[in-house]
Amino acid sequence: MKIAEKLEELPSAEEALGVSGLEFMKRIQEGEFAGAPIARLLNFTLTSVVDGRVVFQGSPEFSMTNPLGTVHGGWYGTILDSAMACAVMTRIPQGSTYTTLEYKVNIIRPIPLGTLVDCVGITDHVGRSTGIAHGEIRGVSDGKLYATGSTTCIVMRLSGK
């Protein structure tokens with residue numbers, strides 16, 4: 001499949017800008033809009049969306065390890081970036097979009113392969129031009145804290161609605 005055909009699976013700019021960020025995220029959760037392809041690749045999925053809070057659930061697999069056999073830091077970063085930035089998305093108005101400016105990850109302990117985790121993103125502030133959120137990765141069955149993170153996102157108004 002060509003890249004252009006794959007891009008057609010994602011919501012169009014008009015669809016994305018035609019709803020609030022919260023509505024956009026709820027439509028992904030409900031399957032009406034396609035989620036991020038990287039979530040499929042890295043084995044995590046959107047499980048909860050409310051105003052200012054998003055949860056992804058996932059489990060790292062062997063293909064996500066570094067040469068030492070532990071979960072690569074990029075997996076922690078990707079799921080945290082997704083949860084924190086999507087939490088910001090829930091607070092942006094119709095006609096706006098966002099993107100991550102920076103994020104930080106603190107890995108507290110290694111996640112054992114195959115461990116199901118929840119990654120929660122919670123907004124701290126979302127204004128006209130900036131969104132700030134924090135997040136954490138916790139084991140579903142053991143409740144252990146595996147990593148924390150924080151992010152700053154830019155919020156951009158793209159239409160007059």
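Predicted model: local features only at pLDDT ≥ 70, side-chain atom pairs only at ≥ 80, totals over all residues.

Q: What joins β4 to β5, and how many residues lie between them in the hairpin?
A: Strand β5 (residues 130-139) runs antiparallel to β4 and is joined to it by 9 bridges, with threonine 123 having alanine 133 in β5 as its bridge partner. The hairpin that β4 and β5 form has 3 residues between the two strands.

Q: Why are β1 and β3 said to stand at the edges?
A: The open sheet has 6 strands in the order β1-β2-β4-β5-β6-β3, with antiparallel pairing. Because β1 and β3 (96-107) each have a single partner strand, one side of each is left without a neighbour in the sheet. Neighbouring strands of this sheet are turned against each other by 20° on average, direction ignored.

Q: How does the span of helix α5 compare with the expected one?
A: Helix α5 (residues 73-89) has 17 residues and reaches 24 Å from its first C-alpha to its last, which is close to the 24 Å expected at 1.5 Å a residue. This helix lies across β1, β2, β3, β4, β5 and β6, and runs at about 140° to β3.

Q: What makes α5 mostly covered?
A: Of the 17 residues in α5, 15 are buried, a word that applies to relative accessible areas under 20%.

Q: Which residues have the most contacts inside the largest nonpolar core?
A: That core has 36 residues, and those with the most contacts inside it are Met25, Phe56, Trp75, Ile111 and Ile137. At least two residues each are supplied by α3 (21-29), β1 (44-50), β2, α5, β4, β5 and β6 (145-157), and the largest share, 11 residues, comes from α5. Leaving aside residues up to four places away in sequence, tryptophan 75 touches Leu42, Gly58, Ser59, Pro60, Met64, Ile111 and Val117.

Q: Why is the pair of phenylalanine 24 and phenylalanine 33 called tilted?
A: By the rule applied, the count comes to 2 aromatic pairs. The ring centres of phenylalanine 24 and phenylalanine 33 are 5.3 Å apart and their planes stand at 50°, so the pair is tilted, given that stacked pairs need under 30 degrees and edge-to-face pairs over 60.

Q: Why are phenylalanine 24 and phenylalanine 33 called buried?
A: Phenylalanine 24 has a relative accessible area of 13% and phenylalanine 33 one of 7%; buried means under 20%, so the word applies to both.

Q: What makes the pair of phenylalanine 44 and phenylalanine 56 edge-to-face?
A: Their rings lie 5.5 Å centre to centre with 85° between the planes, and since the centres need to be within 6.5 Å and the angle over 60 degrees, the pair is edge-to-face. Phenylalanine 44 in strand β1 and phenylalanine 56 in strand β2 are 12 residues apart, so that the pair links distant parts of the chain. Both phenylalanine 44 and phenylalanine 56 are buried.

Technical notes: Residues numbered from 1 in each chain as written. Heavy atoms only, no water. Helix = DSSP H or I, 4+ residues; strand = E, 2+ residues; numbered from the N terminus. Expected span 1.5 Å × (residues − 1). Buried < 20%, exposed > 50% of the residue type's maximum accessible area, 1.4 Å probe, protein only. Pairing = 2+ DSSP bridges. Core = buried A, V, L, I, M, F, W, Y, C linked by side-chain atoms within 4.5 Å. Contact = heavy atoms within 4.5 Å. Phe/Tyr/Trp six-rings, centres within 6.5 Å; stacked < 30°, edge-to-face > 60°. Axes fitted to C-alpha atoms, helices over the stretch in contact; angles between N-to-C directions.
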